[in-house]
Amino acid sequence: MQLLEERIRRDGQIRPGGILKVDSFLNHQIDTALLFEMAKELHRLFGDAGVNKILTIEASGIALASLTANLFSVPLVFAKKSKSRNISDEVYAVEVPSFTHGNTNTVVVSREYLHARDRVLLIDDFLATGAALVGLKALVEMAGGTVVGAGIAVEKAFQGGGDKLRAEGMRIESLARIASMTDEGEITFC
């Protein structure tokens with residue numbers, strides 16, 4: 001998506017360790033007009049997939065997932081990174097390592113929000129190693145549902161997660177795919 005690639009080139013910042021900082025427009029301060037255009041593109045790409053639920057992981061994917069769910073007129077569910085006291089013990093749970101944060105979270109979804117009849121579109125802001133998508137897919141499968149694909153804002157293709165999941169049969173549509181990044185601030189898109 002050219003609009004997103006241009007914004008990454010203009011406002012994205014490369015940090016040591018393969019980190020792309022886009023928090024001025026994507027996941028801390030949010031450019032809602034840009035996100036709405038991104039959601040419209042995801043709706044176009046997956047409009048024929050029979051989506052009846054959107055699933056993301058807290059917190060950075062929620063904004064894009066919310067706009068996308070609105071366009072599909074379906075519920076948005078987000079996997080929580082910790083079980084709070086207001087969630088029953090009836091949850092689906094999976095361990096998900098985070099590349100960006102360098103830790104592992106047990107993410108949970110209440111069993112009342114994922115079902116066998118669900119055709120789920122996974123949404124996330126970044127795809128690097130693929131761990132978050134693997135975890136979200138596992139939650140859907142625990143419920144007996146079907147993952148119809150994953151819509152990603154930014155894929156760091158050089159980290160291989162997307163290629164691995166595509167080889168396993170997951171449909172992944174990334175709005176911007178980065179082939180390489182240098183510490184000097186150069187970004188090459190696929």
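User: What is the order of the strands in the open sheet, and which are the edge strands?

Analyst: Start with the general idea. Strands of a sheet pair through backbone hydrogen bonds, and the pairing is either parallel or antiparallel. In this predicted model, six strands form an open sheet in the order β4-β3-β7-β8-β9-β10, and the pairing is mixed. The edge strands are β4 (76-79) and β10 (187-189), each of which pairs on one side only. From one strand to the next, the twist averages 30 degrees.

User: Which strands run parallel to β8?

Analyst: Strand β7 (residues 119-127) runs parallel to strand β8 (residues 146-156), and eight bridges join them. Strand β9 is also parallel to β8, with six bridges between the two. To follow this across the sheet, take V154 in strand β8. F126 stands opposite V154, and V154 in turn stands opposite A176 in β9.

User: Do β9 and β10 pair in the parallel or the antiparallel sense?

Analyst: They pair in the antiparallel sense, over three bridges. M181 has I187 in β10 as its bridge partner. The two strands form a hairpin with five residues between them. In the turn, G185 has a positive phi of about 95 degrees.

User: Where does helix α1 pack, and which of its residues are buried?

Analyst: The general idea for a helix comes first. An α-helix has 3.6 residues a turn, so residues three or four places apart point the same way. Here, the buried residues to look at in α1 are L4, R7 and I8. They lie on the same side of α1 because the arc they cover around the axis is only 100 degrees. On the other side of α1, Q2, R9 and R10 are exposed.

As for the packing, helix α1 (residues 2-11) sits on the sheet and touches β8, β9 (172-181) and β10. The direction of α1 makes about 170 degrees with that of β10. The buried residues of α1 pack against β8, β9 and β10, and also against β2 (19-21), α2 (23-27) and α3 (32-46).

User: How many residues does helix α5 have, and how far does it reach?

Analyst: Helix α5 (residues 131-142) has twelve residues. From its first C-alpha to its last it reaches 16 Å, close to the 16 Å expected at 1.5 Å a residue. Its buried residues are A131, A132, L133, G135, L136, L139 and V140. After α5 comes G144, with a positive phi near 85 degrees.

User: Is V154 buried or exposed, and what does it touch?

Analyst: V154 is buried, because its relative accessible area is 0%. Leaving out residues up to four places away in sequence, V154 touches L4, I8, L20, L26, D125, F126, L127, A176 and I178. Two of these, L4 and I8, are among the buried residues of α1.

User: Is E155 buried or exposed?

Analyst: E155, found in strand β8, counts as buried because its relative accessibility is 2%.

User: What does the side chain of E155 make a polar contact with?

Analyst: The partner is the side chain of R177, at 3.2 Å. R177 is also one of the residues that E155 touches when those up to four places away in sequence are not counted. Others include L127, G162, D163, R166 and I172.

Notes. Residues numbered from 1 in each chain as written. Predicted model: local features only at pLDDT ≥ 70, side-chain atom pairs only at ≥ 80, totals over all residues. Heavy atoms only, no water. Pairing = 2+ DSSP bridges. Helix = DSSP H or I, 4+ residues; strand = E, 2+ residues; numbered from the N terminus. Axes fitted to C-alpha atoms, helices over the stretch in contact; angles between N-to-C directions. Contact = heavy atoms within 4.5 Å. Expected span 1.5 Å × (residues − 1). Buried < 20%, exposed > 50% of the residue type's maximum accessible area, 1.4 Å probe, protein only. Polar contact = N/O pair within 3.5 Å; in protein donor to acceptor, adjacent residues only side chain to side chain. Arc of directions from axis to C-beta.
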